[in-house]
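Me: I should like to learn how to read the features of a structural model. Please take me through an example.

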Amino acid sequence: MMTKQTVYSQTLANLNIAQKEAVHTIEGPLMIVAGPGTGKTHVLAARIAHILEVTDTPPYAILALTFTESAAINMRNRIVSMIGKAGYYINIQTFHAFCVDIIKTHPEYFAISRGSEALSDLEKYEIFQEILKKEAISALKPLNMPFFYIKDCIFAISQLKREGISAEDFKTILDEEFSDDMFEGLKKTESQRKLLQKQKNYDLLQVYVSYQENLKRRFRFDFDDMISLVVDAFKNNELLLREYQEKLHYFLVDEYQDTNSAQNAIVDLLASYWGDNANVCVVGDPNQSIFRFQGASIENSLSFVKIYLNAKIITLDRGY
């Protein structure tokens, strides 16, 4: 009968050279560039198991963030098969689940009702209907078709939140982009096109502001707010941030190419206590972005090495 130690030892023995290097590099920032079929999930699981085997780090001090529940379950099962029940105590969660836990554990830091749940899609749609019906906007509310752009508004505001852009930030961006001198020298047709674009964006800003005020009145939050609320709480409450920094010592992020600005902010804030030497490991492939456009996924990789100047980069290029 195979023991857990035997499974763990065999797992390490069966890794190729690059995989072994990724597993054994457990101190300091690390970026693993892993293409399809290179065993990245297996390597992540083995790396976590290795941390627990060779250090005195308790399981709850490791945070592994994924995009889906199925990915989290898959990773946990692999770790448990290698090292046993200690694998059940590791923080392996989706970004949203991790943030919801923080919100529910520390409700005093969040301006929402205790026990409040995220809006359902239907509730969100109804709120946007109400906003578009009452707001004095024109470019996003065609005559006799007030809800023509409702799905576009919902999507656009969701994207802004995911990139960590608040309504105030959005206004600043618009004021810079649509300054008065931008229309100088433009032909009439181009000027009218730019003017319509400007009006649509400022209409969207008005809808964004109204939506956030609506949520505040209801003491509610939406799915995208889960992460931005925690980012703001970490930035504005040192005690809350310190509590999690003292608790968590290793950070691992799967599918890093698909993380957005708000998700990156969560990891960077948690790791900021250790600066350039933070134990942050990100895994991804800039060419395999699913949830973000490729330019943004490449930007993630570039920003990582700018933030963590001591970062080591390992490429897994052997497919299985």
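**Reading the model**

Reply: N144 lies in the loop between α6 and α7. Helices (H or I, at least four residues) and strands (E, at least two) are DSSP runs, numbered from the N terminus. This is a predicted model, in which local features need pLDDT of at least 70 and side-chain atom pairs count only at pLDDT 80 or more, while totals for chains, interfaces and linings use all residues. Residues are numbered from 1 along each chain as its sequence is written, and side-chain values use heavy atoms, with hydrogens and water left out.

Me: Is N144 buried or exposed?

Reply: Buried means under 20% relative accessible area, exposed over 50%, and partly exposed in between (1.4 Å probe, protein chains only). N144 has a relative accessible area of 72%, and is therefore exposed. Its phi is near 65°, a positive value in a residue other than glycine.

Me: Where is F219, and what is its phi?

Reply: F219 is placed in the loop between α9 and α10. Its phi is positive, about 55°, although F219 is not a glycine. With 44% relative accessibility, F219 counts as partly exposed.

Me: Which residues are in contact with K141, leaving aside its neighbours within four places in sequence?

Reply: Contact means heavy atoms within 4.5 Å. By that criterion, and with those neighbours left aside, K141 is in contact with L132, K133, E135 and P146. K141 has its place in the loop between α6 (121-134) and α7.

Me: Which backbone oxygen atoms does the side chain of K141 reach?

Reply: A polar contact is a pair of N or O atoms within 3.5 Å; within protein, one must be able to donate a hydrogen and the other to accept it, and residues adjacent in sequence count only if both atoms are side-chain atoms. The K141 side chain reaches the backbone oxygen of L132 at 2.9 Å and the backbone oxygen of E135 at 2.7 Å.

Me: How should the length of helix α3 be read?

Reply: The expected span of a helix is 1.5 Å times one less than its number of residues. Helix α3 (residues 40-54) has 15 residues and should span 21 Å, which agrees with the 21 Å between its end C-alpha atoms.

Me: How many residues of α3 are buried?

Reply: The count is 12 of the 15, so α3 is largely enclosed by the rest of the structure. Among them are K40, T41, L44, R47 and H50.

Me: What does T57 touch, not counting residues up to four places away in sequence?

Reply: T57 touches I51, L52, I62 and Y250 on that basis. T57 is found in the loop between α3 and β2 (62-66), and counts as buried at 12% relative accessibility. Its side chain is joined to that of T55 by a polar contact of 2.9 Å.

Me: Where is D254, and what is it in contact with?

Reply: D254 has its place in the loop between β4 (250-253) and α12. Leaving aside neighbours within four places in sequence, D254 is in contact with K40, T41, L44, L65, T66, F67, M75 and V283. At 5% relative accessibility, D254 counts as buried.

Me: How do the axes of α7 and α9 cross?

Reply: Axes are lines fitted to C-alpha atoms, for helices over the stretch in contact, and angles run from 0 to 180 degrees between N-to-C directions. The axes of α7 and α9 come within 11 Å and cross at roughly 75°. That makes α7 roughly perpendicular to α9, a label given to angles of 65 to 115 degrees, whereas angles under 35 count as roughly parallel, over 145 as roughly antiparallel and the rest as oblique. The contact is made by C153, A156, I157, L160 and K161 of α7 and L204, V207, Y208, Y211, Q212 and L215 of α9.

Me: How do the residues of this contact divide?

Reply: Ala, Val, Leu, Ile, Met, Phe, Trp, Tyr, Cys and Pro count as nonpolar, Asp, Glu, Lys and Arg as charged, and the others, Gly among them, as polar. The residues of the contact of α7 with α9 divide into 9 nonpolar, 1 polar and 1 charged.

Me: What is Q212 in contact with, leaving aside its neighbours within four places in sequence?

Reply: Q212, found in helix α9, is in contact with K161 and D225 when those neighbours are left aside. At 26% relative accessibility, Q212 counts as partly exposed.
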